[in-house]
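Morning, everyone. Let me put the structure up.

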Amino acid sequence: MMNSAAGPAVHADGLTVVRGGRTVVDGLSFEVPRSTVTGLLGPSGCGKTTLMRAIAGTQAKVTGTLDVLGHPAGAAPLRSRVGYVTQAASVYTDLTTRQNLEYFASVLGLPRAERRGQVERALADVDLTSHADALAGNLSGGQLSRVSLAVALLGSPELLVLDEPTVGLDPVLRRDLWGLFHRLAAERGTTLLVSSHVMDEADRCERLLLMRAGRLLADGTPDALRARTRTRSIEEAFLRLVDTARDGDGEGDKGGKNEKTDTEETR
């Protein structure tokens, strides 16, 4: 269960990232509740990866407020509490799956007595126990992605930031990973922020942040978003919001003042 007294897992206010003279993330304000699966959806190039890097503490030139688990993003106390999975698999291809996990468990400073159990649980979580002794370089792309996810699960992080972890995977594997995400939230209290440019993944999330051109179009539950826009799908809702933003100022929702779509927020 989510501990609301502890505050949100992520709190952003006026979050801006300028890179190469271009504003990539433009004044975003939002919160990610704890122990939930929140989807960050938007087309490729809209700033999702930059936003996730900022939350994980690896993005330079971030201004505004960005607090993660009660600390400024990137603060030292967060290193063992936040797991981050990039789009490209971050593993050593000349090591086996198990050796990769053992190495990263050591880097994380997990007590030696706990490492084996942590490694075995992470392997089981991503269904790679049967490939534990296979060289990572011999694994498929989907399997490599799961090794990266297993690494992120070591140490039982409170927040998982996953950059398009299911894009390009077969339907069965996508279903299984989404099932894992919801089990982590429900059974371990993990907060997950999962990005995707595939709109049909929206209904797998409890909450959504819809993003376009560095700005937030809306945040809320899928049902509330559809109800507010009077549409049948999140893709239709997204397009309706894009059209509304264009009508409003000709460019979109400037300043990141996104539409709230939860019933409580619109009363």
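I'll go through the salt bridges, pair by pair.

First, the ground rules. This is a predicted model: local features need pLDDT of at least 70, side-chain atom pairs count only at pLDDT 80 or more, and totals for chains, interfaces and linings use all residues. Residues are numbered from 1 along each chain as its sequence is written, and side-chain values use heavy atoms, with hydrogens and water left out.

A salt bridge here is a side-chain nitrogen of Lys or Arg within 4 Å of a carboxyl oxygen of Asp or Glu. How many salt bridges does that rule give? The count is 14.

Take Arg34 and Glu158. Their closest N and O atoms are 3.9 Å apart. This pair links distant parts of the chain, 124 residues apart. Arg34 sits in the loop between strands E2 (22–32) and E3 (37–41). Glu158 sits in the loop between helix H4 (141–153) and strand E7 (159–162). Helices (H or I, at least four residues) and strands (E, at least two) are DSSP runs, numbered from the N terminus.

Buried or exposed? Buried means under 20% relative accessible area, exposed over 50%, partly exposed in between, with a 1.4 Å probe and protein chains only. Arg34 is buried, at 13%. Glu158 is partly exposed, at 32%.

Next, Asp203 and Arg226. Here the closest N and O atoms are 2.7 Å apart. Asp203 lies in the loop between strands E8 (191–196) and E9 (207–212), and Arg226 in helix H6 (residues 222–229). Arg226 is buried, at 14% relative accessibility.

Last, Arg175 bridges to Asp176, at 3.2 Å between the closest N and O atoms. Asp176 is partly exposed, at 37%.
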